[in-house]
Every structure is written in structure tokens, then in C-alpha cells.
Amino acid sequence: MDAHDPEDPFADLALEKAIHLRWTLRDIKAHRLTLSPVAEEDLSLLTERGLVELTDGVPTLTEAGQDAIS
């Protein structure tokens with residue numbers, strides 16, 4: 001997470017976008033991707049920030065991603 005606050009990886013985003021991305025992380029954690037597919041833009045942003053990684057093409061949370069929603 002290069003220039004991002006390690007305490008809040010969404011600190012530089014608008015509140016609505018930060019809330020949306022936190023819900024996206026929860027959907028990934030709960031394997032609700034069939035019901036709530038992740039937009040490519042969101043997946044790219046979460047991957048860049050080190051919160052999600054792709055495992056066999058399936059997004060999974062990293063430790064930082066887990067921390068962001070706990």
C-alpha cells in the first residue's frame with residue numbers, strides 16, 4: 001500500500017466509495033460473488049492497495065483486506 005494510510009486504506013476516497021469497497025471486501029470474504037459480482041474497476045483498486053489477490057482467477061482477501069473490514 002504505497003502512499004496509503006495503513007490504518008485506513010480508503011482514507012483518500014470519498015465516503016460513499018469507501019463504504020462501497022468495504023462491502024465489496026465483505027462480499028469477497030463471504031463468497032457472494034455470484035450474487036454480487038465485483039466490478040473490474042473495484043477489483044483493480046483493491047488489488048493495487050494490497051487488499052485482494054487473485055487465486056485461480058477468484059478474488060480472495062489478503063491479511064490487509066481482512067484488517068480493513070474488522
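Modeller: The structure holds 5 salt bridges. A salt bridge here is a side-chain nitrogen of Lys or Arg within 4 Å of a carboxyl oxygen of Asp or Glu. Side chains of opposite charge can pair when their charged atoms come close.

A word on the source. This is a predicted model, where local features need pLDDT of at least 70 and side-chain atom pairs count only at pLDDT 80 or more, while totals for chains, interfaces and linings use all residues. Residues are numbered from 1 along each chain as its sequence is written, and side-chain values use heavy atoms, with hydrogens and water left out.

Start with Asp 12 and Arg 49. Their side chains meet in a salt bridge, at 2.8 Å from N to O. This pair links distant parts of the chain, 37 residues apart. Asp 12 lies in the segment before helix H1 (15-29). Arg 49 lies in the loop between helix H2 (40-48) and strand E1 (52-55). Helices (H or I, at least four residues) and strands (E, at least two) are DSSP runs, numbered from the N terminus. Arg 49 is buried, at 5% relative accessible area. Buried means under 20% relative accessible area, exposed over 50%, and partly exposed in between (1.4 Å probe, protein chains only).

Next comes Asp 42 with Lys 17. Their closest N and O atoms are 2.8 Å apart. This pair also links distant parts of the chain: Asp 42 is in helix H2, Lys 17 is in helix H1, and 25 residues separate them. Asp 42 counts as buried, at 5% relative accessibility. Lys 17 counts as partly exposed, at 24%.

Then take Asp 27 and Arg 32. Their side chains form a salt bridge at 2.9 Å, N to O. Asp 27 is buried, with a relative accessible area of 14%. Arg 32 is partly exposed, at 33%. Salt bridges with shared partners also join Lys 17, Glu 41 and Asp 42 into one network.

Now the setting. The protein has 6 positive and 15 negative side chains. Lys and Arg count as positive, Asp and Glu as negative; His and the chain ends are not counted. The centres of the two sets lie 7 Å apart, with each charge placed at NZ of Lys, CZ of Arg, CG of Asp or CD of Glu. The protein has 3 helices and 2 strands. From the N terminus, they run α-α-β-β-α. Of the 70 residues, 33% are buried.
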